[in-house]
Amino acid sequence: MKIDGVAWRPIWAEEDGETVGIIDQTRLPFNFETKRLARMDEAAEAISVMRVRGAPLIGVTAAYGLAMALRDDPSDAALGAAYDTLHATRPTAINLRWALDRMRGALLPLPPGERFARAWTLAAQMADEDVEINRRIGEHGLGLLREIADRKGRVNVLTHCNAGWLATVDWGTATSPIYQAHDAGIDVHVWVDETRPRNQGSFLTAWELNGHGVPHSVIVDNAGGHLMQHGEVDLCFVGTDRTTATGDVCNKIGTYLKALAAADNNVPFHVCLPTPTVDWRVRDGVAEIPIENRAPEEVTEIDGVLPDGGDARMRIASPGSDAVNPAFDVTPARLVTGLVTELGIVEASEAGLAKLRAKMEAEAIMLS
Ligand code: MRU
């Protein structure tokens with residue numbers, strides 16, 4: 001997507017052919033800064049402190065990280081150590097394991113001297129594939145928005161967290177149908193959940209939508225149910241970090257509550273996902289998906305900007321109070337209207353996922 005008329009991706013291969021550049025998302029929306037990642041440990045740090053975040057982007061960053069490790073040492077031992085380090089950066093998004101497994105599977109059989117070149121090419125290929133996957137997710141989701149627009153004019157979409165182009169390599173997952181609808185002249189307006197504690201909604205989604213000129217309003221996380229009761233939400237689009245073989249959806253904390261409110265108000269609740277986000281080994285999302293617990297300071301403190309433009313971090317919880325910070329939750333399949341994938345829209349159920357799996361096998365897409 002474009003920033004001030006210039007096309008950007010949140011990650012790119014530098015011209016030296018051995019390092020990558022990223023948009024440092026910890027600095028948005030008040031500062032736009034890029035950062036060069038020159039070693040595997042820098043890629044791992046960027047993932048764990050969330051300079052890059054969002055399931056698909058985490059996977060691609062890890063792929064480049066593994067490539068950089070092999071540039072420095074192409075041995076089996078170095079490959080294994082880099083895999084373990086990168087895999088440990090964040091526990092919930094399955095795209096991380098998927099990307100690392102794909103890299104390891106392609107590289108281990110090669111002689112060490114050929115590994116870096118192949119790793120670099122494969123990481124770049126995975127980045128380009130992600131762009132195409134998200135474009136196709138958008139095409140399928142666009143039909144849902146068009147149907148509402150034909151019926152009632154303006155379409156109000158609610159989204160949670162940032163599942164936008166910053167969370168992927170381009171287009172985003174949940175935002176791809178929105179961008180495509182906007183570009184097609186559909187009158188689409190987005191309710192942007194703030195998404196405490198890291199504010200991916202008010203910081204990142206809002207920044208993206210501003211950049212593309214999509215009408216939107218930031219709301220506090222508790223406002224969605226009220227808006228749905230008053231007919232102000234036509235449809236929800238969210239992303240996911242891991243979806244099970246039975247259709248349970250793990251996504252940013254607060255997604256489950258939004259799905260409950262949507263079900264109570266008959267608002268369609270769609271999840272947009274690339275097929276690598278399905279974890280075929282998991283059936284019961286609540287019981288089996290590891291939920292990342294992040295630092296309590298993310299809850300008790302907040303980042304912002306002062307009137308003079310300076311960075312600010314301040315405490316917002318009562319002094320002395322502790323906090324708990326689970327970063328994701330699981331929405332049971334029964335609350336999900338549909339899964340919008342690059343291979344089409346399927347029901348969030350074991351049967352729907354089985355159909356998706358058959359399509360993936362027909363297209364030789366690697367299963368997570
Ligand atoms: O903690 P984050 O910012 O990495 O969480 C991101 C999300 O939960 C996204 O909604 C999800 O990764 C889908 S991204 C296309």
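These legends describe close-up views of a predicted model.

**View 1. The largest nonpolar core holds 75 residues.** L66, L86, M103, V157, W165 and F237 touch the most other members. Helix α5 (residues 112-152) gives the largest share, 14 residues. Both domain 1 (2-129) and domain 2 (136-362) supply at least three residues each.

**View 2. M103 and its contacts.** Leaving aside residues up to four places away in sequence, M103 touches A63, L66, A67, A119, L122, A123 and M126. Another core, of 30 residues, lies apart from the largest one. Its members include C236, V238, A245 and A262.

**View 3. F116 and W120 pair within helix α5.** The whole structure has seven aromatic pairs. In this one, the ring centres are 5.7 Å apart and the planes meet at 45°, so the pair is tilted. The two residues sit four apart in helix α5, which means about one helical turn separates them. W120 has a relative accessible area of 12%; the cut-off for buried is under 20%, so W120 is buried.

**View 4. W165 and W207 form a tilted aromatic pair.** Their centres are 6.2 Å apart, with 40° between the planes. The pair links distant parts of the chain, 42 residues apart. W165 is in the loop between β6 (155-159) and α6 (176-183), while W207 is in helix α7 (residues 200-212). Both W165 and W207 are buried. Ring pairs also link them with W8, W12 and F32 into a cluster.

**View 5. Charges sit over two rings, Y83 and F328.** The charged end of R104 is 3.9 Å from the centre of the Y83 ring. K252 lies over the face of F328, 4.0 Å from the ring centre.

Key: Residues are numbered from 1 along each chain as its sequence is written. This is a predicted model: local features need pLDDT of at least 70, side-chain atom pairs count only at pLDDT 80 or more; totals for chains, interfaces and linings use all residues. Side-chain values use heavy atoms; hydrogens and water are left out. A nonpolar core is a set of buried Ala, Val, Leu, Ile, Met, Phe, Trp, Tyr and Cys residues joined through side-chain atoms within 4.5 Å. Buried means under 20% relative accessible area, exposed over 50%, partly exposed in between (1.4 Å probe, protein chains only). Domain bounds come from an automatic or database domain assignment. Contact means heavy atoms within 4.5 Å. Rings of Phe, Tyr and Trp (its six-membered ring) pair if their centres lie within 6.5 Å; planes under 30 degrees apart count as stacked, over 60 as edge-to-face and the rest as tilted. A charge sits over a ring if NZ of Lys or CZ of Arg is within 6 Å of the ring centre and within 35 degrees of the ring normal.
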